[in-house]
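Hi everyone, thanks for coming along. Let me put the model up on the screen, and then we can walk through a few of its details together.

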Amino acid sequence: MKFNFQKITKTALILVYLVIIAGALVRMTGSGMGCPDWPRCFGYYIPPTDIKELMWSPNHEFSKGQVIIKDEKLWVAKENFTTKDTYDVGNWEAYTKHDYAEFNPVHTWVEYVNRLVGALAGLAVFIMAIASFGFWRKKTSIILLSWFSVFMMGFQAWLGATVVYSVLNPVKITLHMVVALIIVAVILYILDKSKALTHTAISFKKDTLFKSLLITSLIITLIQVVLGTEVRQFVDERVKMLGYENMHLVMDSPIINFYIHRSFSFVVFGINLWLYLRNRKLNLGYAKATWVMWLILLEITSGVIMYYFDFPFGMQTTHLVTASALFGIQFYMILESGRKTQQHLA
């Protein structure tokens, strides 16, 4: 299985990015509470599509753990039973994790798909960890990091549950996003180290200033992601208060983090432009420096469109996913800069 390890690892990485995309869609559509419980959805493994499935009715079979909405509260079936002609409170217990009791079929299924993709990504990372035992005699760090990735995926799933139980607490949402990027970084590190053992990895010319700028740019990107997540939470709250028909009013009085986030974009652009030009001037060989510039331009463009055109559909997802891709490529370039080199620049 060692010979297929690269393919397995790349698959795991792609699926983790799909989780990030799915999560962005959840945020964009306001579907974070589409499933008010975890890991099931309204107590079902396959969620309901109609509110009638969540309402009490006579002569209806319920399984233990299934949920209904009654008196604007969630109630959980204590055991398997069939309802009689009248409602029997003894068959139910109140859901105590939170008091959110709304059903929107679109939100429910968007959140459910997000969870399915997460489960698939978790399975892929687990398979990667099993396959990593092929490096037992050559690189045990690959094995340790692969199993650390499994642990992080489990931790991320637990975080997802706490986000739901907290009814989308902003701090927990931000932490959820940061952990996703940590998982991306660990898998990229595994990918790079395994490539050095199974393939002839391309080496790059060494330049101390270039590497320092790379590390700086990555840190700033991570700060931008955190600030962006907080701005996004502010936007969510404003939309909830004003309604979608008043999107033009959402950014009338933005929080200070918005201005910091916007100003930092110029710093990000400047540092990465410097990297791009230095890479070309010294012929360092980092082809991904061009990808970075395109991603930054797309990131800035999507941000401008959101601000000046009242958050058109899809722009928020584009903005978040682009930032995640940017982080991944910048981190991988740092790994490339640490490879053995044959030529050094003064």
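H5 passes H6 in a left-handed crossing, and by left-handed I mean that the near helix is turned anticlockwise from the far one by less than a right angle, with clockwise being right-handed. Helices here are DSSP runs of H or I with at least four residues, numbered from the N terminus. H5 covers residues 208–242 and H6 residues 256–282; their axes come within 9 Å and cross at roughly 155 degrees. That makes H5 roughly antiparallel to H6, a label for angles over 145 degrees. The axes are lines fitted to C-alpha atoms over the stretch in contact, and angles run from 0 to 180 degrees between N-to-C directions. Sorted by class, the contact of H5 with H6 has 16 nonpolar, 9 polar and 2 charged residues. For those classes, Ala, Val, Leu, Ile, Met, Phe, Trp, Tyr, Cys and Pro are nonpolar, Asp, Glu, Lys and Arg are charged, and the others, Gly among them, are polar.

A quick word on the source: this is a predicted model, so local features need pLDDT of at least 70 and side-chain atom pairs count only at pLDDT 80 or more, while totals for chains, interfaces and linings use all residues. Residues are numbered from 1 along each chain as its sequence is written, and side-chain values use heavy atoms, leaving out hydrogens and water.

Let's stay with H6 for a moment. His261 lies in this helix H6 and is buried, with a relative accessible area of 15%; buried means under 20%, using a 1.4 Å probe and protein chains only. Which side chain does His261 join in a polar contact? The partner is Gln224, at 3.0 Å, where a polar contact is a pair of N or O atoms within 3.5 Å, one able to donate a hydrogen and the other to accept it, and residues adjacent in sequence count only if both atoms are side-chain atoms. Asn279 is also found in H6, and it is buried at 9%. Its side chain reaches the backbone nitrogen of Tyr286 at 3.0 Å.

Now over to the cysteines. The whole structure has 1 disulfide, counted as a pair of cysteine sulfur atoms within 2.5 Å. Cys35 and Cys41 form it, with their sulfur atoms 2.0 Å apart. The torsion about their S-S bond is about -85 degrees, so the disulfide is left-handed. Both Cys35 and Cys41 are buried.

Key:
Helix = DSSP H or I, 4+ residues; strand = E, 2+ residues; numbered from the N terminus. Parallel < 35°, antiparallel > 145°, perpendicular 65-115°, else oblique. Buried < 20%, exposed > 50% of the residue type's maximum accessible area, 1.4 Å probe, protein only.
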